[in-house]
Amino acid sequence: MDHRTKTPVVGMIGGGQLARMTHQAAIPLGQSLKVLAVSDSDSAALVAANVEVGHHTDLEALKRFAAGCDVVTFDHEHVPGEHLRELAAAGVAVHPGPDALLHAQDKLVMRRRLAELGLPVPPFAEVTEVADVLKFGAEHGWPCVLKTARGGYDGRGVWLLDSPEEAESTVRELLDSGAPLLVEQRVPLRRELAALVARSPFGQGAAWPLVETVQRDGICVEVLAPAPDAGPALVQRAQDLALQIAESLGVTGVLAVELFETEDGLVINELAMRPHNSGHWTIEGARTSQFEQHLRAVLDYPLGTTELTAPAVVMANVLGAPELPEMSMDERLHHLFARFPQVKVHLYGKGERPGRKLGHVTVLGDELEPVREQARLAAHWLSHAEWSDGYRIH
């Protein structure tokens, strides 16, 4: 317990924007998140008072960090499982636990486990030689999708193989680099959805409204809440899948289940066992944000209500422009608020570079399309310092 506040100390391994926003959620609960950051310039390290600098692959740094925490959780999935097992064996409360987290760290382990549970996953196979992909493509058709089993995100670690010839060169090169691989059938999807839930050690579960996620170049650019044109049966199916996964894998905390909607129903894409980009809209758009809920869950507090605070909520990511704008971010904010005072802005304290997630904006309203247009305009303005609809600031 923090002797000053008499509240539990939650330690978050990783100092990125998820830790930064979790710290913000901890403050109203009387807490100050403790952060293990790689650098004192990490997003969370810029705002949190209780920061230790150390690497998440360094067992001794993890032990020192955990010694001052009541519970340890994560900003990312990259902590070695053997290190987490050693912490847990020493009595550290690790949430989610290493056995659960493995399914978010290793896509092949995740695919196998979900298939065992009878849940909808695309056909897949482990790849240890080029012949594995050639056989898979011959059976399931081309193109197919090659993935690294570990480490890929935001479109990285994913290759679309259009032909056996392309598979020959790409797979051989990746196998030579030592990357663990799997191949999957390319899913004929209508759109991408995300089901966000939380689960406590007590076993209580909570689900937010189903959302649609819009991707560009493998990166989420906007999230629409609730998912438009999603009937009650589809929403229920998605939420039930996510809650079933959370319970079956023993997840504690927030779980994001990325889904493909197809003509034949839902197919599970990937899992994240932490606050997730598809849930950033909940800060203003839900009665309980994913960040507060994650804290409640890992502390085994009763979970908060998850209803929408407005009929339509849109989150748009602010991504670094191809060329750095001459106008400062401070001035861009000035002009944004002058035009759209209702837009909520979250900047992560990162240096600008092309494609980097610099922050996000959230807009609430009564109807989806005007809310979506405002979010798109605001995000593009903050990225590029130009209004995509031709609006003039002077």
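Guide: Let us begin with burial: threonine 73 counts as buried because its relative accessibility is 1%, where buried means under 20% relative accessible area, exposed over 50% and partly exposed in between, with a 1.4 Å probe and protein chains only. This is a predicted model, in which local features need pLDDT of at least 70 and side-chain atom pairs count only at pLDDT 80 or more, while totals for chains, interfaces and linings use all residues. Residues are numbered from 1 along each chain as its sequence is written, and side-chain values use heavy atoms, with hydrogens and water left out.

Visitor: Where is threonine 73 found, and with which residues is threonine 73 in contact?

Guide: Threonine 73 belongs to strand β4, residues 71–74; helices (H or I, at least four residues) and strands (E, at least two) are DSSP runs numbered from the N terminus. Contact means heavy atoms within 4.5 Å, and, leaving aside neighbours within four places in sequence, the contacts of threonine 73 are Val10, Gly11, Met12, Ile13, His95, Pro96, His294 and Val298.

Visitor: Which residues does UniProt list for "binding site"?

Guide: The unreviewed UniProt entry lists Lys107, Lys147, Glu184, Gln185, Arg186, Val187, Glu192, Asn269 and Glu270 under that name; positions are given in the numbering used here, feature names are shortened, and annotations may be inferred rather than shown by experiment. Lysine 147, in strand β6 (residues 144–148), counts as buried because its relative accessibility is 5%. Leaving aside neighbours within four places in sequence, lysine 147 is in contact with residues including Lys107, Glu184, Asn269 and Glu270. Valine 187 lies in the loop between β8 (181–185) and β9 (189–199), and with a relative accessible area of 14% valine 187 is buried too.

Visitor: How should I read a pocket, and what volume does the second largest pocket have?

Guide: Rolling a probe the size of a water molecule over the atoms shows where empty space is left. On a 1 Å grid over the protein atoms alone, a pocket is an open set of points with protein on both sides within 12 Å along at least five of seven lines, whereas a cavity is a set where a 1.4 Å probe fits but cannot get out; lining residues have an atom within 4 Å of a point. Grid points are joined across faces, edges and corners, and a volume is the space filled by probe spheres set on the points. The second largest pocket has a volume of about 440 Å³, and of its 19 lining residues the closest to its centre are Arg216, Val221, Asn317, Leu319 and His384. Helix α12 (368–384) is among the elements that each supply at least two lining residues, and α12 gives the largest share, five residues.

Visitor: What should I look for in the backbone angles?

Guide: Most residues other than glycine have a negative phi, and most peptide bonds are trans. Aspartate 217, which is not a glycine, has a positive phi of about 55°; it sits in the loop between β11 and β12 and counts as exposed because its relative accessibility is 72%. The peptide bond from tryptophan 142 to proline 143 is cis, with omega near 0°, and a cis peptide bond also joins alanine 225 and proline 226, where omega is about -5°.
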